[in-house]
Every structure is written in structure tokens, then in C-alpha cells.
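Hi,

Here is the structure I said I would pass on. Could you have a look at it before you read my notes below?

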Amino acid sequence: MRILLITGPGGAGRTTVAAATAVAAARPGQRVLLLSQDAGDPLAALVGEPAGESVEAAPGLAAVPAGGVLVARVDSGEEFREELVALQERGSALLGMVGARPLGAEELTELPGAEQFALLRALRRAAAAPATDLVVVDMPPLHQAVATLALPAQLRRYLARLLPAERQAARALRPVLAQLAGVPMPAQWLYEAAARWDEELAAVQAVVEAGTTSLRVVAEPGPGSDAALRTGLLGLALEQLPFAGIVANRMVPQGSPDPWLAGLAAQQEKYAAQWAGDVPVLPLGHLGRDPAGPEDLIRLAGAEGLVPQASGDSRHRRGWAVEDRLADDGVLVWVVPLPGAHKRDLDLVRRGDELLLAAGPYRRIVPLPSALRRCTVSGAALADGVLRIRFTPDPDLWPRRA
């Protein structure tokens with residue numbers, strides 16, 4: 001099964017492109033699951049039918065018919081209520097000790113951020129949907145999509161730091177430790193919950209990082225979307241997400257006798273050509289109106305290259321290379337591609353065996369490769385969209401030659 005994530009700056013038409021991609025993939029006979037989170041159900045007017053079963057029941061979804069599209073919606077409110085009620089049940093003993101009264105499912109309303117968790121869990125379940133060839137996911141806007149897809153790795157790091165699994169081995173010593181420290185030790189149920197969360201997050205992270213998962217960015221060529229697009233692409237590069245290319249949407253045909261249309265077409269071609277210098281760009285023509293029905297989707301679905309190839313069109317997640325320049329310069333260089341980055345927007349902080357990288361509005365903490373952990377950071381330089389961080393071996397930590 002392949003998974004295609006579609007996002008883009010707000011108002012770029014990503015929902016329409018997602019629906020058109022699903023229709024185009026289904027026409028040759030593929031079985032396509034179209035996953036949406038928009039509560040307004042804009043896919044109903046496009047696909048011609050309302051969204052079907054909730055993706056929370058994805059393992060039990062009916063098989064998608066050959067050449068068909070099954071639309072499923074993420075119900076973040078229901079997901080939030082079920083998870084919080086289950087958490088209260090597992091911690092009922094603790095709540096009873098402090099005299100707390102559990103909340104009922106009917107009085108729970110989802111909190112900010114619940115949409116991200118619901119989408120990630122739905123993505124994992126959709127990846128296991130039966131008899132499906134392609135899953136097309138209508139993601140949130142670009143900046144939010146980057147944060148959502150990076151969330152599993154971030155939360156796993158937090159859990160490992162705050163509730164390390166090795167501390168569970170000290171269960172027999174907790175009463176003694178509690179007396180010495182003067183505070184109660186975390187209960188076993190908390191460690192069990194952390195282990196369950198880590199398992200679920202690892203499963204989602206595996207789906208995002210899989211070689212069969214790719215991500216496309218939809219943008220309308222022009223100055224309004226150029227800055228937002230380049231910032232978003234910087235976030236994709238920093239998080240090493242499987243970026244496949246850009247869909248240049250609503251392209252106006254050239255050669256119009258109307259001066260305004262001719263000027264708009266020239267401007268679009270200019271920005272599309274600039275983007276194509278760095279990444280693959282797929283042009284998608286303008287219908288002359290807002291798409292409003294299956295017939296319009298079929299017209300858009302005829303665009304060449306809209307359906308990803310079976311081999312996948314993703315620039316797969318690649319590890320950042322470590323260049324060995326010990327013989328010439330006495331350093332190791334960590335090569336980090338950051339297209340579109342500016343020196344003024346970068347920040348580096350070494351913290352133990354980790355490196356905090358900040359690029360524009362994005363921040364990521366990454367573990368150092370084993371060879372670099374025995375080195376000190378001796379400098380960094382940004383050139384042509386590539387950050388090169390120099391590491392000098394620490395004589396006290398580096399193996400000595402006989």
C-alpha cells in the first residue's frame with residue numbers, strides 16, 4: 001500500500017487536488033481510500049457523495065471496490081472523548097484517592113491539539129485498511145502539517161526523558177525512594193500508559209517514515225504563496241519528511257490576448273520555474289472556476305503525473321551524511337540540507353549527545369551520530385542551502401592509535 005500526503009499553504013486548493021488525485025488513481029482500477037479531517041465536508045460536493053465511515057473504524061472498513069474511492073473522515077471529537085474516558089478508567093484508583101469525580105463522555109469537548117493526535121492515529125489505522133492500493137490524505141495547511149508529522153518523534157523523546165523505561169526496574173525500591181525523596185514515586189500504571197503511548201507513536205512514525213509514503217505540496221504560483229512555501233519546505237527538510245514535489249495549481253494558459261491574463265500567466269510561469277529549479281513541479285491547469293463536482297474532478301484527473309508511480313515518487317528520508325576530513329582538516333563534517341535557509345534564521349546548540357537545530361520557525365533536537373559524540377563543535381557554515389557543521393575530535397574521548 002502507498003500513502004500520499006497532500007498539504008500546502010492555505011487557500012491553495014489542496015483539498016481539490018487530493019480529491020482529483022484519488023479519482024485519477026481509481027480510474028485505472030486502483031482501490032483508493034481518501035482521508036479527510038475537514039468538518040465542513042468539502043469533499044461531498046467534489047466527489048459527489050458524503051464521507052462514509054469514520055476512519056476510527058479503519059480495520060473494519062469495508063473493502064474498497066476496484067476502481068472506487070472510499071471517503072473517510074477523522075472524527076477528532078469522538079477520538080478525544082474515547083481516549084480521555086479510557087485514561088480516567090485506568091487511573092480510577094488515583095482519582096478516588098484524591099477525591100476527584102470523573103468526567104462523563106457526554107460533558108467532554110475536545111481541546112486544542114486533539115485534531116493532530118486524531119489525524120495521526122487515523123493515518124496509522126488507514127495504513128492497515130484492507131484491500132486498499134492507495135491512501136490519499138488531505139492534510140492541514142503546510143505549517144501545521146509539518147508540526148503534526150514531526151509530533152510522534154518529538155513526543156517519544158519527551159517520554160524517554162520523563163519516564164525512562166529502565167526506571168521500571170526499581171519498582172521494589174519505590175517505597176524506600178519515596179521516603180528518602182519525600183515525594184511519592186510514579187505509579188506503575190503511568191509507566192504502562194507511557195509504554196502504550198510510545199508503541200502507538202512508534203507505529204505512526206514508522207508509517208510517516210516508510211518508503212511507500214510521500215508528501216506533495218500544493219501551491220498557486222505567485223508572490224503570495226512563495227514565502228509561505230519556502231518556509232514550509234525548510235521545515236520539511238529539517239524534519240527529513242518524505243517530500244515528493246510541488247503541484248503548481250490553478251495555472252492560467254499562456255497566449256491569452258487579455259493583458260491581465262497574459263501578465264498573470266507570465267507571473268505564474270516565473271514562480272513555477274523558480275520552484276522547479278530545486279524540486280519536481282507538476283503543473284495543474286485552471287478550470288476557469290471553482291471545481292464543483294465529479295465532472296470537474298475528472299477533468300483535473302487527466303493531468304499527467306498526478307497519480308504517483310507504483311515505485312513511489314518520494315525523496316525518501318535520507319540520513320544526514322558525515323564527511324570524514326580528518327586527514328586533510330582534522331575534522332568531521334555533518335552535512336545537513338536546508339534549502340531556502342538564511343544564516344540569520346539558524347541556531348545551533350549542543351546539549352550532551354544531542355544537537356538542537358533551529359531554522360526559521362522550526363526547531364528539532366536530533367541525536368548525534370556515535371562518531372560525533374566524541375567530538376566538540378568547532379564551527380558551522382551555510383552555503384547553497386546546505387549547513388555544514390564541523391566537529392573536532394576530543395583527545396580525551398577519541399580512540400588513540402598505538
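First, a word on how elements are named: helices (H or I, at least four residues) and strands (E, at least two) are DSSP runs, numbered from the N terminus. Keep in mind that this is a predicted model, where local features need pLDDT of at least 70 and side-chain atom pairs count only at pLDDT 80 or more, while totals for chains, interfaces and linings use all residues. Residues are numbered from 1 along each chain as its sequence is written, and side-chain values use heavy atoms, with hydrogens and water left out.

Let's start with Asp138, which sits in strand 4 (residues 134–138). Its relative accessible area is 5%, so Asp138 is buried (under 20%; exposed is over 50%, partly exposed in between, with a 1.4 Å probe and protein chains only). The side chain of Asp138 makes a polar contact of 2.8 Å with that of Thr15. By polar contact I mean N or O atoms within 3.5 Å; within protein, one must be able to donate a hydrogen and the other to accept it, and residues adjacent in sequence count only if both atoms are side-chain atoms. Leaving aside neighbours within four places in sequence, Asp138 is in contact (heavy atoms within 4.5 Å) with residues including Ile6, Arg14, Leu35 and Gln37.

Next up is Thr7, in strand 1 (residues 2–7). Thr7 is buried too, at 0% relative accessible area. Its side chain reaches the backbone oxygen of Pro140 at 2.6 Å, and a polar atom of that side chain lies 3.2 Å from the backbone nitrogen of Leu142. Not counting residues up to four places away in sequence, Thr7 touches Arg14, Met139, Ala145 and Val217, among others.

Now the rings. Which residues do ring pairs link into a cluster? They are Trp320, Trp334 and Phe391. Rings of Phe, Tyr and Trp (its six-membered ring) pair if their centres lie within 6.5 Å; planes under 30 degrees apart are stacked, over 60 edge-to-face, and the rest tilted. Searching the whole structure gives 2 aromatic pairs. For Trp320 and Trp334, the centres are 5.6 Å apart and the planes at 65°, so that pair is edge-to-face. Trp320 is in the loop between helix 11 (294–301) and strand 8 (322–325), and Trp334 is in strand 9 (residues 331–337), 14 residues apart. Trp334 is buried at 4%. The rings of Trp334 and Phe391 are also edge-to-face, because their planes are at 65°, with centres 6.5 Å apart. Phe391 lies in strand 14 (residues 386–393), so this pair ties together parts 57 residues apart in sequence.

Cheers
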